[in-house]
Amino acid sequence: MKVALIGATGFVGSALLNELLQRGHTVTALVRDPAKLPAREGLGIVQADVYDAAQVAQAVEGHDVVLSAFNPGWNDPALYERFTAGHRAIVAGSKRAKAPRLLVIGGAGSLFVAPGVQLVDTPAFLDHVPPNIVPGAQAARDALTELRSETALNWTLVSPAAMLQPGQRTGHYRLGGEQLLMDGDKPASISVQDLAVAVVDELETPRHPQQRFTAAN
């Protein structure tokens, strides 16, 4: 496939880039600073401002899928606003380019821990997550809410397990839907490498059109 990848230099995006290239896909990375991404076989690099829907549309046109691991940066003082603005520009640009598919990496905060209760709203989350991350988790939750109303775009959103960390690529993971996956009495984890495996598996064999799913080890 021809994949337009947003966020290729980030924690999740770099793992996605490695997985895509290892499987032989052609990747176009949309980046602010091309110098931050070394040249690799199968990789094209386009300088683009993902806050500009017109630039997104131009960069992603002709690709089979837009894969967004967009994040303004956890320490951005306007994290909620910039996350929301970027997400909306990516959605608008993908629609303008008539992208066949949009797959978004979301957060675990929007997963449900009880009927009607999302992780991001629980005292445990607010007490244990660094304060600078909370606005990003809230913005990712609201981005999913907006995606659910999209009927003109073939979207999928992936929420990783609550504990997303560096690790090994085992190639093994389990899938869930709207509920937070658990490991006994504690939230489950997944390595960023295995999250990338789950995401690229979804790209190659779509099973969640117009849906959110989650993955954990």
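## A chat about helices and a few single residues

Q: Where is the place of Met 182?
A: Met 182 sits in strand β11, residues 182-183. Helices (H or I, at least four residues) and strands (E, at least two) are DSSP runs, numbered from the N terminus.

Q: What kind of model is this?
A: This is a predicted model, where local features need pLDDT of at least 70 and side-chain atom pairs count only at pLDDT 80 or more, while totals for chains, interfaces and linings use all residues. Residues are numbered from 1 along each chain as its sequence is written, and side-chain values use heavy atoms, leaving out hydrogens and water.

Q: New topic: which residues of α1 are buried?
A: Val 12, Gly 13, Ala 15, Leu 16, Leu 17, Glu 19, Leu 20 and Leu 21 are the buried ones in α1. An α-helix has 3.6 residues a turn, so residues three or four places apart point the same way.

Q: What span should α1 have, and how far apart are its end C-alpha atoms?
A: Helix α1 covers residues 11-22, and at 1.5 Å a residue its 12 residues should span 16 Å. Its end C-alpha atoms are 17 Å apart, which agrees. The expected span is 1.5 Å times one less than the number of residues.

Q: What comes just after α1?
A: Gly 24, with a positive phi of about 90°.

Q: At what angle do α1 and α6 pack?
A: About 55°, with their axes 9 Å apart. That makes α1 oblique to α6. Axes are lines fitted to C-alpha atoms, for helices over the stretch in contact, and angles run from 0 to 180 degrees between N-to-C directions. Under 35 degrees counts as roughly parallel, over 145 as roughly antiparallel, 65 to 115 as roughly perpendicular and the rest as oblique.

Q: Which residues meet there, between α1 and α6?
A: From α1, Phe 11, Val 12, Ala 15, Leu 16, Glu 19 and Leu 20; from α6, Val 192, Leu 195, Ala 196, Val 197, Val 199, Val 200 and Leu 203. By class, the α1 and α6 contact has 12 nonpolar residues, no polar and one charged. Ala, Val, Leu, Ile, Met, Phe, Trp, Tyr, Cys and Pro count as nonpolar, Asp, Glu, Lys and Arg as charged, and the others, Gly among them, as polar.

Q: How do the axes of α3 and α5 run?
A: The axes of α3 (residues 79-96) and α5 (residues 134-147) come within 8 Å and cross at roughly 30°. That makes α3 roughly parallel to α5. Their contact holds nine nonpolar, four polar and three charged residues.

Q: Which residues of α5 are buried?
A: Val 134, Gly 136, Ala 137, Ala 139, Ala 140, Arg 141, Ala 143, Leu 144 and Leu 147. They pack against α3, β5, β7 (117-118), α4 (123-128), β8 (155-160) and β14.

Q: And at what angle do α2 and α3 pack?
A: Helix α2 (residues 53-60) packs with α3 at about 50°, their axes 7 Å apart. The pair α2 and α3 is therefore oblique. In α2 the contact uses Ala 53, Ala 54, Val 56, Ala 57 and Val 60, and in α3 Ala 89, Ile 90, Ala 92, Gly 93, Ser 94 and Arg 96.

Q: Changing topic, where does His 208 lie?
A: His 208 is in the loop between α6 (192-204) and β14 (211-216). With 12% relative accessibility, His 208 counts as buried. Not counting residues up to four places away in sequence, His 208 touches Trp 155, Thr 156, Leu 175, Glu 202 and Phe 213.

Q: What phi does Gln 210 have?
A: A positive one of about 55°, although Gln 210 is not a glycine. Gln 210 is in the loop between α6 and β14, and is partly exposed, with a relative accessible area of 35%.

Q: What about Lys 98, buried or exposed?
A: Lys 98 is exposed, with a relative accessible area of 70%. Lys 98 is in the loop between α3 and β5 (102-105), and has a positive phi of about 55° although it is not a glycine.

Methods:
Buried means under 20% relative accessible area, exposed over 50%, partly exposed in between (1.4 Å probe, protein chains only). Contact means heavy atoms within 4.5 Å.
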